[in-house]
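Colleague: I have a few quick questions about this one. Can you put it up?

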Amino acid sequence: MDFSTTFSTADKRAMLQRAMASLENEVHEVSWRAGHDPDDLSGDFTAPADANGNTLAQDVLLEKSLVKWKACKAKLDALG
């Protein structure tokens, strides 16, 4: 996207840290609602499917939340 505002690395780091905190809250809340202990989640969690290939909505939401968290963490790590 062609944004008109540029940010310093320090500002980007601060924004990503705030985003990480929000995403971590999301992961904890969704995992507890889905019956998972957030401390036991693996980094490659995928929503389990039953024999018919159906997944629970909360598990899918958790999987998507973890994908967002990993992407944000990778961007933060890349800033150094």
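Colleague: Which residues are buried in α2?

Modeller: This is a predicted model, to begin with. In α2 the buried residues are Asp59, Leu62, Ser65, Leu66, Cys72 and Leu76.

Colleague: And what do the buried residues of α2 pack against?

Modeller: They pack against α1. Seen from the other helix, the cover over the buried residues of α1 includes α2.

Colleague: Which residues of α1 are buried, then?

Modeller: Leu16, Met20, Leu23, Val27, Val30 and Ser31.

Colleague: A serine in that list. How accessible is Ser31?

Modeller: Its relative accessibility is 0%, so Ser31 counts as buried; the cut-off is under 20%.

Colleague: What does Ser31 touch?

Modeller: Leaving out residues up to four places away in sequence, Ser31 touches His36, Pro38, Leu41 and Leu62. Of these, Leu62 is itself among the buried residues of α2.

Colleague: Back to the whole chain. How many helices and strands are there?

Modeller: The chain has 2 helices and 0 strands. Its radius of gyration is 15 Å, well over the 12 Å that the globule rule gives for 80 residues, so the chain is more spread out than a compact globule.

Colleague: What box do the C-alpha atoms fill?

Modeller: Roughly 50 × 25 × 20 Å, along the principal axes.

Colleague: And what share of the residues counts as buried?

Modeller: 20% of the 80 residues. As for contacts with a separation of 6 or more, 63% of them join residues 24 or more positions apart.

Colleague: Helix geometry next. What span should α1 have?

Modeller: α1 has 25 residues, and at 1.5 Å a residue they should span 36 Å. The end C-alpha atoms are 36 Å apart, so the two values agree.

Colleague: How far does α2 reach?

Modeller: From first C-alpha to last, the 23 residues of α2 reach 34 Å, close to the expected 33 Å.

Colleague: What follows α1?

Modeller: Gly35, with a positive phi near 85 degrees. Just after α2 there is Gly80, where phi is also positive, at about 80 degrees.

Colleague: Now pockets. What volume does the largest pocket have?

Modeller: About 190 Å³.

Colleague: Which residues line the largest pocket?

Modeller: Glu24, Val27, His28, Pro38, Asp39, Leu41, Ser42, Gly43, Leu66, Trp69 and Lys70. By class, that lining has 5 nonpolar, 3 polar and 3 charged residues.

Colleague: Which helices supply at least two residues of the lining?

Modeller: α1, residues 9-33, and α2, residues 57-79. Val27 from the lining is one of the buried residues of α1, and Leu66 from the lining is one of those buried in α2. Pro38 and Leu41 in the lining are also among the residues that Ser31 touches.

Colleague: How far apart are Ala10 and Glu24?

Modeller: 14 residues in sequence and 21 Å in space, C-alpha to C-alpha. Glu24 is one of the pocket-lining residues.

Colleague: And where does Ser8 lie?

Modeller: In the segment before α1. Ser8 has 36% relative accessibility, so it counts as partly exposed. Between Ser8 and Asp59 there are 36 Å in space, C-alpha to C-alpha, with the two 51 residues apart in sequence.

Notes:
Residues are numbered from 1 along each chain as its sequence is written. This is a predicted model: local features need pLDDT of at least 70, side-chain atom pairs count only at pLDDT 80 or more; totals for chains, interfaces and linings use all residues. Side-chain values use heavy atoms; hydrogens and water are left out. On a 1 Å grid over the protein atoms alone, a cavity is a set of points where a 1.4 Å probe fits but cannot get out, and a pocket is an open set with protein on both sides within 12 Å along at least five of seven lines; lining residues have an atom within 4 Å of a point. Grid points are joined across faces, edges and corners, and a volume is the space filled by probe spheres set on the points. Helices (H or I, at least four residues) and strands (E, at least two) are DSSP runs, numbered from the N terminus. Ala, Val, Leu, Ile, Met, Phe, Trp, Tyr, Cys and Pro count as nonpolar, Asp, Glu, Lys and Arg as charged, and the others, Gly among them, as polar. The expected span of a helix is 1.5 Å times one less than its number of residues. Buried means under 20% relative accessible area, exposed over 50%, partly exposed in between (1.4 Å probe, protein chains only). Contact means heavy atoms within 4.5 Å. The radius of gyration is taken over C-alpha atoms; the globule rule is 2.2 Å times the number of residues to the power 0.38.
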